[in-house]
Amino acid sequence: MDELNLDRTIRETLHTCAGELQAPDKLKTRVDFVVRSGAPVPKRKMKPWKRTAVALCAVLAVAVTGALASGQVASWSTGRHPVKSWTDFAKTAGYAEKHVPDMKYVESFSNGYAFDKGYEDTIDKRDENNKTLESFTGVLLNYQKDGAELTLDAGPVQSEAVYTSPFDTVRMIGETEVRYRETPQIFLPPDGKEKPTAEEQAKMDAGEINIAYGTAQREENVFYNVKWIEDGISYSIYTTDPAGLTEDDFFQMAAEVIGA
């Protein structure tokens, strides 16, 4: 796939994905975002644009299941650019201090996942006319182990966002409340010929699962995510390929970042 088509695919997939993710009616929420990724194509079975779409749809589902309260902000748009990425872990401190002061992070986890690449992640807050109201920047750190990968995402807490879900499993790590969730996701072709079942739609409406459109055929996966807030910073460790990681493993990784 050439760069132009890849960019178009990412935009269309994520736009449709975000358009279909719905929060409860009382939240009056609409999340719409576009991603531009210049990361090298990893040698994995899942196409890189699809993996990015899945991950970011689920990450911003934090906003979907609680987040954008009524008001001027109508959407979030996020993008990553190759000139804002780095592979040298030593550079992480500079990026983190600039965009997320006092951010905690590790070079590797005790389970063997090690730093691979980092990104700046700038998010625009937009109104109903798609005009940017303000922006904020977070930091993403990708880790790899034996071909599997996961991401540590950190950024300043936003006042209009709610970072919890009734479907979270909650544990206390020291004085920090940490939440873990496995969210089933269904991706359907964008032509609308294949629709979710009534049961799936009901679960979507209740916030139990995510349903999005943009793939060539029906696909299903699970988004694994542990998250917490500490000192005004929102943290999340996530993946769609757990490679044997358990719930306890995710809480352990959170504990290692919290203790960094």
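**The aromatic cluster and its surroundings**

Mentor: One aromatic cluster is formed by F89, Y105, F109, F115 and Y143. The model is a predicted one, in which local features need pLDDT of at least 70 and side-chain atom pairs count only at pLDDT 80 or more, while totals for chains, interfaces and linings use all residues. Residues are numbered from 1 along each chain as its sequence is written, and side-chain values use heavy atoms, with hydrogens and water left out.

Ten aromatic pairs are present in the structure; a pair requires ring centres of Phe, Tyr or Trp (its six-membered ring) within 6.5 Å, and planes under 30 degrees apart are called stacked, over 60 edge-to-face and the rest tilted. Helices (H or I, at least four residues) and strands (E, at least two) are DSSP runs numbered from the N terminus. F89 is buried at a relative accessible area of 17%, whereas Y105, at 22%, is partly exposed; the cut-offs are under 20% for buried and over 50% for exposed, with partly exposed in between (1.4 Å probe, protein chains only). A contrasting geometry is found in W228 and Y235, which are stacked, 5.1 Å centre to centre with 10 degrees between the planes. Both W228 and Y235 are buried.

F109, Y143 and W228 also belong to the largest nonpolar core, which has 33 residues; together with M103, V226 and I237 they touch the most other members. Such a core is a set of buried Ala, Val, Leu, Ile, Met, Phe, Trp, Tyr and Cys residues joined through side-chain atoms within 4.5 Å. At least two of its residues come from each of α4 (92-99), β4 (132-145), β5 (148-156), β7 (176-188), β9 (219-230), β10 (233-239) and α6 (247-258). The largest share, six residues, is that of α6. In soluble globular proteins, nonpolar side chains tend to be buried together.

I237 shows how these elements meet: leaving aside residues up to four places away in sequence, I237 touches F109, L150, T151, L152, Y224, N225, V226, W228, F250, M253, A254 and V257, where contact means heavy atoms within 4.5 Å.

β5 runs antiparallel to β4, joined by seven bridges, and antiparallel to β10, joined by six. L140 stands opposite D153 in β5, and P156 opposite I233 in β10. Two residues separate the strands in the hairpin of β4 and β5, where D146 takes a positive phi near 50 degrees. β5 is mostly covered, since eight of its nine residues are buried.

I173, in β6 (residues 169-173), touches V178, F251, A254, A255 and I258, again without residues up to four places away in sequence. The C-alpha atoms of I173 and A255 are 6.5 Å apart, although 82 residues separate them along the chain. Across the protein chain, residues 24 or more positions apart account for 70% of the contacts with a separation of 6 or more.

Key. Pairing = 2+ DSSP bridges.
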